[in-house]
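Reader: Could you walk me through this structure, one question at a time?

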Amino acid sequence: MKSSLISLILFLLLLSGCSSPPEQTQYYMLNNLQNAAPSNAPQKVNVCNTYTVSIAMPEYLNQPYLAMQVHEHQMHYSNSHMWVEPLATGVQKSLLDDLNANSSHSKFTAMRSSGASNNSSTINIEVNYFHVSENSEVIFSGQFTLDEESQNTQHPFLYKSQLNNDGYNHSVAQMRQLVSKLANSILNQITNCQHK
Amino acid sequence: MNKEQHVDATVNPVKSVSSIWFIPFIAVLIGCWMLYYQWANQGPLITLHFESAEGLEEGKTKIKFRNVNIGNVETISINEAADGVIITARMSKSAENILVEDSSFWVVTPKISLAGVSGLSTLISGVYIEISPGLSKQARLEFEALDSPPVTPLGTPGLHITLNSDDQFAYSKGDPIIYKGLTVGQFEDIYFNFEERIVYYNVFIKAPYHKLITTNTKFWDVSGLNVDLNADGLSIKTGNLETLLTNGVTFDVPTGMEVGQQITERDYFDIYANYELASDQRFKQSVNYVVLVSNTIRGLKVGAPVEYRGVLIGHVKSTNISETNQNGLFSDDLKIPVLISLQPGRVGLPDNEDGKQLMDQQNTLWIHKGLKATLKTGNLLTGSLFVELQHFEKQTLDNIQTYAGYTVIPTVTDQFTQITEKLGVFIDKLNQLPLETTAENANKTLNEITNMTKDFQHTSQSLNSILQSAHQQELIKELNTTLQSLSTLSHSYSADSDAYEQLEATLKTLSDTLYELKPLLNQLKHQPNGLIFNSGNNNKLVPKKHKGDK
């Protein structure tokens with residue numbers, strides 16, 4: 001009886017040696033709460049145009065993991081660094097925040113699944129690549145189609161940004177800046193109704 | 001030195017013959033003795049005449065008696081007339097006493113017949129010649145061989161009799177004689193008498209059954225199955241199992257007949273077709289009458305019974321007898337004369353002339369008082385007829401008619417015949433009915449019924465169309481109701497509806513849950529035990545600062 005108890009205790013001690021502290025998973029959000037605050041949005045007067053924005057992300061980014069290009073043709077998904085929301089949602093929110101924050105006469109809304117309204121113009125963004133690479137560089141490329149006043153114009157874009165610090169946190173911040181660059185590019189392409 | 005010394009030589013007589021010559025001398029003596037012994041003990045050389053030497057071989061074929069070798073065939077040659085072969089055989093000395101005048105020889109070969117199988121051993125040993133010793137005391141050395149073994153060995157105790165038959169029986173040598181199921185004898189040989197055109201069969205009855213053969217013994221045929229369909233019905237008889245396959249004859253003393261005296265020497269007996277015919281022979285006396293039949297006599301055969309109140313008193317002896325001095329034409333219809341034979345012995349009268357006379361007187365008296373003959377149907381299936389004598393007291397007769405010298409018993413029609421006559425009259429009346437008019441009326445009625453049926457058919461078809469139309473309308477109503485229900489259901493699940501929103505929310509929850517579960521599933525995919533143990537392979541691959549900024 002006594003020897004059995006001792007054997008059990010020893011077995012439990014050995015088993016506890018196999019245990020290890022769980023690795024902490026890091027979650028990231030593309031949009032920052034500072035840009036998302038309603039106070040940042042300018043007060044829109046005489047809204048002359050409304051745009052509905054839709055974003056199509058590539059299939060390799062429909063993952064909860066943060067992706068990093070480790071070689072020329074190799075991607076790496078980090079198990080311990082994840083998006084809190086789908087990246088398409090994060091990009092759309094960030095882009096809408098930037099567009100609405102920097103335009104006082106146009107309104108940008110997300111396209112609903114049922115489709116855009118008949119009267120609004122549409123901006124269809126198709127992202128090709130949006131990830132960080134092992135070369136300490138964040139890349140954001142694709143094209144957006146501007147359907148405005150029965151005119152359909154297509155504009156490719158390619159933005160790169162170098163990392164100044166280590167870690168995913170900094171790379172996410174760089175990605176957010178590239179989205180802002182895209183917002184600026186879109187705003188430059190749309191018709192300014194003040195000039196009409 | 002000159003004096004010569006003479007020595008006399010001893011002279012002994014020289015032996016003229018060497019003792020060694022005794023040996024061949026003794027051998028010669030032994031040889032002579034052997035030759036003498038052989039000559040002194042060898043049996044006689046016999047000569048046999050066969051039709052054929054089939055299976056016989058010189059120096060090999062044996063002559064046997066009771067399966068003991070008593071001789072060997074030495075030579076086989078064809079006779080001068082070339083119609084047979086001559087066989088010489090050396091017999092043993094012990095067989096000398098059986099070589100007598102009536103000894104018989106035959107070749108034993110394998111035989112398979114309906115009566116049995118014999119000589120199977122010769123299939124292996126080869127054929128041999130069998131001898132049957134005779135009873136004679138006169139020695140003989142030349143014999144005519146038999147074609148086949150004798151049915152009865154010579155000297156077998158029993159009785160030889162001769163049966164004869166003018167019927168178409170086909171008995172062959174070896175067929176059995178049956179007595180109450182036992183085989184008590186055999187047919188030995190067959191002889192056809194061309195003058196009498198009768199076949200005679202020599203038959204041997206073995207002892208002690210030969211004591212059964214008496215002067216009153218009757219023989220009848222029991223070949224195969226005897227199926228008799230007559231006025232008395234169907235009867236099947238057979239002798240024993242052997243006679244089912246072969247022919248056979250049985251015998252007995254008919255019932256009611258004295259046994260008679262035992263036969264001790266060859267006698268002659270008739271073979272009857274069956275027991276009834278044989279049994280009839282016990283009555284020797286008979287009185288003949290003629291019955292004039294006005295109806296058909298089809299079914300009335302010779303030998304058909306004549307009954308008096310159910311008692312068999314005689315048989316039909318002949319049908320359609322004709323008077324020899326018949327001239328001229330018949331004015332009326334012709335009655336068919338049937339000759340019947342009544343036997344006084346069957347009715348208790350003595351079987352002699354007195355009984356015959358008494359029966360004739362009795363019948364004459366009864367004919368005056370109304371005795372009539374009737375043809376009755378004995379078997380409805382076969383239509384066989386028999387003659388029945390009945391009393392009709394009201395139909396007395398004063399003058400008795402004769403026909404061809406025989407007394408005529410008047411006839412009266414049978415009740416069955418009367419019924420058939422009445423039936424015939426009824427059918428005649430039926431034929432006279434106006435059936436054609438009735439048939440025409442019936443035909444018209446049938447046509448009208450046919451038209452009515454067609455109208456009814458049209459009506460039923462119209463009714464069927466109406467019912468089908470009503471059924472289709474009902475079906476369309478049900479379809480409309482179903483489509484309305486389906487439309488209501490689709491509205492319930494259309495966009496902006498509560499159900500749609502609930503469904504969308506549920507799908508989103510499910511999508512979110514799967515999104516959250518994705519890392520876990522991915523971890524389990526690569527490391528199934530990852531839930532319990534840490535892999536230790538901590539992924540430290542993270543983005544690095546650009547080197548140019550260092």
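Predicted model: local features only at pLDDT ≥ 70, side-chain atom pairs only at ≥ 80, totals over all residues.

Reader: Glad to have it in view; in which loop of chain B is B:Pro208 found?

Author: Residues are numbered from 1 along each chain as its sequence is written, chains are lettered from A and ligands numbered from 1 in the order in which they are written, and side-chain values use heavy atoms, with hydrogens and water left out. Helices (H or I, at least four residues) and strands (E, at least two) are DSSP runs numbered from the N terminus. On that numbering, B:Pro208 is in the loop between β13 and β14 (218–221) of chain B.

Reader: What is the peptide bond from B:Ala207 to B:Pro208, cis or trans?

Author: Most peptide bonds are trans. For the bond that leads from B:Ala207 into B:Pro208, omega is near 5 degrees, and the bond is cis.

Reader: Which strand of chain B holds B:Phe204, and is this residue buried or exposed?

Author: B:Phe204 belongs to strand β13, residues 198–206 of chain B. Buried means under 20% relative accessible area, exposed over 50%, and partly exposed in between (1.4 Å probe, protein chains only). Because its relative accessibility is 2%, B:Phe204 counts as buried.

Reader: Which residues does B:Phe204 touch, and how far apart are the C-alpha atoms of B:Phe204 and B:Glu188?

Author: Contact here means heavy atoms within 4.5 Å. Not counting residues up to four places away in sequence, B:Phe204 touches several residues, including B:Thr152, B:Pro157, B:Leu159, B:His160, B:Val184 and B:Glu188. B:Glu188 is 16 residues from B:Phe204 along the chain, and their C-alpha atoms are separated by 6.6 Å.

Reader: Where is B:Pro149, and which residues is it in contact with?

Author: B:Pro149 sits in the loop between β9 (142–144) and β10 (158–165) of chain B. With 34% relative accessibility, B:Pro149 therefore counts as partly exposed. Once neighbours within four places in sequence are left aside, the contacts of B:Pro149 are B:Trp106, B:Lys111 and B:Lys173.

Reader: Which side chain makes a polar contact with that of B:Ser286?

Author: B:Ser286 lies in the loop between α4 (275–280) and β19 (287–293) of chain B. A polar contact is a pair of N or O atoms within 3.5 Å; within protein, one must be able to donate a hydrogen and the other to accept it, and residues adjacent in sequence count only if both atoms are side-chain atoms. At 3.3 Å, the partner of the B:Ser286 side chain is that of B:Ser341.

Reader: What is phi of B:Arg66, and what is phi of B:Arg309?

Author: Most residues other than glycine have a negative phi. B:Arg66, in the loop between β2 (62–65) and β3 (68–78) of chain B, is exposed because its relative accessible area is 68%. B:Arg309, in the loop between β20 (305–308) and β21 (311–319) of chain B, is exposed because its relative accessible area is 62%. Both values are positive: phi of B:Arg66 is near 50 degrees, and phi of B:Arg309 is near 55 degrees.

Reader: How many helices and strands are there in chain A, and how many in chain B?

Author: Buried residues make up 42% of the 196 residues in chain A, and 30% of the 550 residues in chain B. From the N terminus, the elements of chain A follow the order α-β-α-β-β-β-α-β-β-β-β-α. Chain A has four helices and eight strands, while chain B has eight helices and 26 strands.

Reader: What area is buried between chain A and chain B?

Author: The contact involves 30 residues of chain A and 15 residues of chain B. Buried area is the accessible area (1.4 Å probe) that two parts lose on being put together, summed over both. Carbon and sulfur atoms give 52% of the area buried between chain A and chain B, which is about 2,000 Å².

Reader: How many residue pairs are in polar contact across the interface of chain A and chain B, and which element gives the largest share of the chain A side?

Author: The rule finds seven residue pairs in polar contact across the interface of chain A and chain B, both residues being at pLDDT 80 or more. On the side of chain A that touches chain B, the elements giving two or more residues are β3 (65–71), β4 (74–83) and α4 (168–189) of chain A. The largest share, six residues, comes from β4(A).
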